[in-house]
Amino acid sequence: MSRRKIKTKRVMAFILCLCMVATVMFCSQYLALHTSHSCLGLNCPECVRMYHAVNALRQFAIALLALAATLHLFTAWRRQISPLYGYISFAASLVRLKVKLNH
Ligand SMILES: [Zn+2]
């Protein structure tokens, strides 16, 4: 992968993180400001917007929990298999064994 593609991916990931942080901040700010509104009843537009904000925050929370659980399981798996993984990945390489290939 070229450096330009890596840099582009990093910039896109940074922009995505900024969008996620902005969404969480705006949703929580909206909920804080409009919690005590004069409700119009069944089809209140403020309540609908608050419902969507809560739903977005809930989905972010679920995604973060899934990411944390995945990272935890991956690190636990890596610790369990790391001696074997290190043996396979490093000891078996030609560079690690210092094999000369200039015949
Ligand atoms: Zn309302």
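Is C39 buried or exposed? C39 is exposed, because it has 9 other C-beta atoms within 10 Å. Here, a residue is buried if 20 or more other C-beta atoms lie within 10 Å of its own, exposed if 12 or fewer, and partly exposed in between, with C-beta atoms placed from the backbone.

**View 1. The whole chain, a predicted model.** In this predicted model, local features need pLDDT of at least 70 and side-chain atom pairs count only at pLDDT 80 or more, while totals for chains, interfaces and linings use all residues. Residues are numbered from 1 along each chain as its sequence is written. You'll find three helices and zero strands, in the order α-α-α. Helices (H or I, at least four residues) and strands (E, at least two) are DSSP runs, numbered from the N terminus.

**View 2. Helix 1 from end to end.** Helix 1 is hardly covered, with one buried residue among its 32.

**View 3. C39 in its loop.** C39 belongs to the loop between helix 1 (3–34) and helix 2. Setting aside neighbours within four places in sequence, C39 is in contact (C-beta atoms, placed from the backbone, within 7 Å) with C44 and C47.

**View 4. A61 on helix 2.** A61 is part of helix 2 (residues 45–91). A61 counts as exposed because it has 11 C-beta neighbours inside 10 Å. From A61 to V24 is 9.9 Å, C-alpha to C-alpha, though they're 37 residues apart in sequence.

Methods: Two residues are in contact if their C-beta atoms, placed from the backbone, lie within 7 Å.
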